[in-house]
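Dear colleague,

I am handing over the structure below, and after it I have set down what was found. Please keep it open beside you as you read.

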Amino acid sequence: MINLQFIHEPGHLLLKDENSTWAYCLYAETGGLDYIFVHPMRRGKGLGRFLINQLASITGQDIFPATPLSAKGRAFCEHVGLIGRHDPGLLREALADKSF
């Protein structure tokens with residue numbers, strides 16, 4: 001039996017068991033997703049989407065990705081519908097002036 005822990009600390013979410021990290025993300029309170037990682041052996045099981053949903057619930061904001069996006073990051077964000085919500089290039093400017 002797997003005993004997963006979900007840990008929320010300001011600025012990051014973590015999903016892990018007693019031996020390894022399964023997934024985590026770094027975020028801004030404005031809804032900006034700065035970084036997301038899912039362990040390669042755990043991909044395709046909905047963990048990234050789970051973190052995105054938790055992040056939206058915690059911040060109460062629409063989630064949008066930071067730039068630059070890697071090819072895999074862009075593919076993931078398109079898959080979960082984040083690219084269509086906001087232009088990812090706006091995140092850095094929005095965080096700098098808090099107007100987003």
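**The helix, its buried side and the sheet**

Just after α1, Gly60 takes a positive phi of about 70°. Please bear in mind that this is a predicted model.

Which residues of α1 are buried? They are Leu47, Gly48, Leu51, Ile52, Leu55 and Thr59. Because these residues cover an arc of only 145° around the axis, they lie on the same side of α1. The buried residues of α1 pack against β1, β2, β3 and β4, and also against α2 (71–79).

Turning to the strands, there is an open sheet of five, in the order β1-β2-β3-β4-β5, and its pairing is mixed. The edges are taken by β1 (5–9) and β5 (64–65), each of which has a single partner strand, so one side of each is left without a neighbour in the sheet. Within the sheet, β3 (residues 21–27) and β4 (residues 32–38) pair in the antiparallel sense over five bridges; as for individual residues, Tyr24 has Phe37 in β4 as its bridge partner.

Note on methods: Residues numbered from 1 in each chain as written. Predicted model: local features only at pLDDT ≥ 70, side-chain atom pairs only at ≥ 80, totals over all residues. Heavy atoms only, no water. Pairing = 2+ DSSP bridges. Helix = DSSP H or I, 4+ residues; strand = E, 2+ residues; numbered from the N terminus. Buried < 20%, exposed > 50% of the residue type's maximum accessible area, 1.4 Å probe, protein only. Arc of directions from axis to C-beta. Contact = heavy atoms within 4.5 Å.
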